[in-house]
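Please keep the sequence and the structure in view while reading.

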Amino acid sequence: MTDGTTRGTTSGSAGGTGGAERDSAPGGWRGWRAATEAALYGPGGFYRRPEGPAGHFRTSVHASPLFAAAVARLLCRVDEALGRPSALDFVDMAAGRGELVTGVLAALPDEVAARARGYAVEVADRPAGLDERITWLSAPPAGITGLLFANEWLDDVPLEVAEVDHAGVARLVLVRQDGIERLGEPVAGAEAAWLARWWPLPPEEGLRAEIGLPRDTAWASAVGCVERGLAVAVDYAHTARARPPFGTLTGFREGRETAPVPDGSCDITAHVALDACAARGACTARDTEEARDRGEARDTEEAPDAGEARDAGEARDGDTAPGACGALPDALLLSQRDALRALGLAGARPPLALAATDPQAYLSALASAGEAAELTAVGGLGDFGWLLQPVGIPHPLAPDSTRA
Ligand SMILES: C[S@@+](CC[C@H](N)C(=O)[O-])C[C@H]1O[C@@H](n2cnc3c(N)ncnc32)[C@H](O)[C@@H]1O
């Protein structure tokens, strides 16, 4: 781990004029989606390097084992809601080097651990020395009964960036491998519909938006792999109440925020419109439940243009909300602070008197309190969004099911 840097601050725009095709036009101009895909996941891409994400920044998983312990408690709640199945799945989606699934399996009570099956889903290769009980996959398994947990995945799903030109028209931003940008064709089709629904851009030159359609599709596809249980996405997030006017696209390298240059030298990330993901996920969960009610296996393939028709639902912060998909289980959006507290992460300072009676216990409790404070910090990891999407079970963190 390089240092204590988490990702997530905003960056400005390089701007520009002109028009070009989004996928590798002459001069190497590409849309941000294609450029990021190649830079992060292509041959020699940033996420295929041996050092892994922890070599460049710190996620909640790296910050403290308390995070994995809280996720293990969530898995236990899902287990109860499922009626303690003989095989209970835990899928670490976008697993990095498998740190979360390793920590969750270690934190489970013996009786649950004996029934648990751990999966790590990652673009990168399986790291040497990983617990052999963990199955390493390049895509989530179908028919999950349990918990799929995606920590800081969706912010790394490549997307297009739009910017308003001098005439008030939203255009795709094109970028060269050295990070220089210019504007391309006007945003059209499903991408324009997504912007209109989720991130309307006023006609003011220089305003920017990140078109979250590929993330909605990726999230819906992951939710579609859950047969019964819960899917959770945790990320830097914003909702329609407060979109960042100039977007959030930025880079990270060796512990520092840097310009987003799509040459494979740095991470390229943008905050996630989790409300849009929630709406799509709810539709997929409904499809799964309806198929089960009919006694069918659900087709987990998403239609490529399904987004346009489905992007009409909405989820509110800290609340369940009706989506376009009717009354079936809707997404719950919480801050990480609230989610971890609901999972019993206390983080209170130990009483000073303990220092006199049991100095070792005092120091250990103090260290834990510090780690809990980092995971729940205002202006830091505590502000992350948790999107919880149940499939065929009640909300494990809804107010009526929340335990101390
Ligand atoms: C920011 S890191 C987060 C790693 C880990 N979840 C954590 O919290 O420490 C994002 C990870 O997502 C992986 N990733 C991105 N897209 C993926 C996909 N479609 N399938 C599997 N892994 C993916 C990347 O390779 C990278 O390891």
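## Surroundings of the ligand

A residue is near a molecule or strand if its C-beta atom, placed from the backbone, lies within 6 Å of it. By this criterion, 16 residues surround the ligand, and the closest are Tyr 47, Thr 59, Ala 94, Gly 96 and Asn 151. The shell consists of nine nonpolar, three polar and four charged residues; Ala, Val, Leu, Ile, Met, Phe, Trp, Tyr, Cys and Pro count as nonpolar, Asp, Glu, Lys and Arg as charged, and the others, Gly among them, as polar.

## Basis of the model

The model is predicted: local features need pLDDT of at least 70, side-chain atom pairs count only at pLDDT 80 or more, and totals for chains, interfaces and linings use all residues. Residues are numbered from 1 along each chain as its sequence is written.

## The sheet

Helices (H or I, at least four residues) and strands (E, at least two) are DSSP runs, numbered from the N terminus. Two strands pair if DSSP finds at least two bridges between them. An open sheet with mixed pairing is formed by seven strands, in the order β4-β3-β2-β5-β10-β17-β16. Strands β4 (135–137) and β16 (332–335) stand at the edges with a single partner strand each, so one side of each has no neighbour in the sheet.

Within the sheet, β2 (residues 88–93) and β5 (residues 144–151) run parallel and are joined by five bridges. Phe 90 has Leu 147 as its bridge partner in β5.

## Helix α6

Which residues of helix α6 are buried? In this helix (residues 189–198), they are Glu 191, Trp 194, Leu 195 and Trp 198, where buried means that 20 or more other C-beta atoms, placed from the backbone, lie within 10 Å of the residue's own.

Note on methods:
Buried ≥ 20, exposed ≤ 12 C-beta atoms within 10 Å, placed from the backbone.
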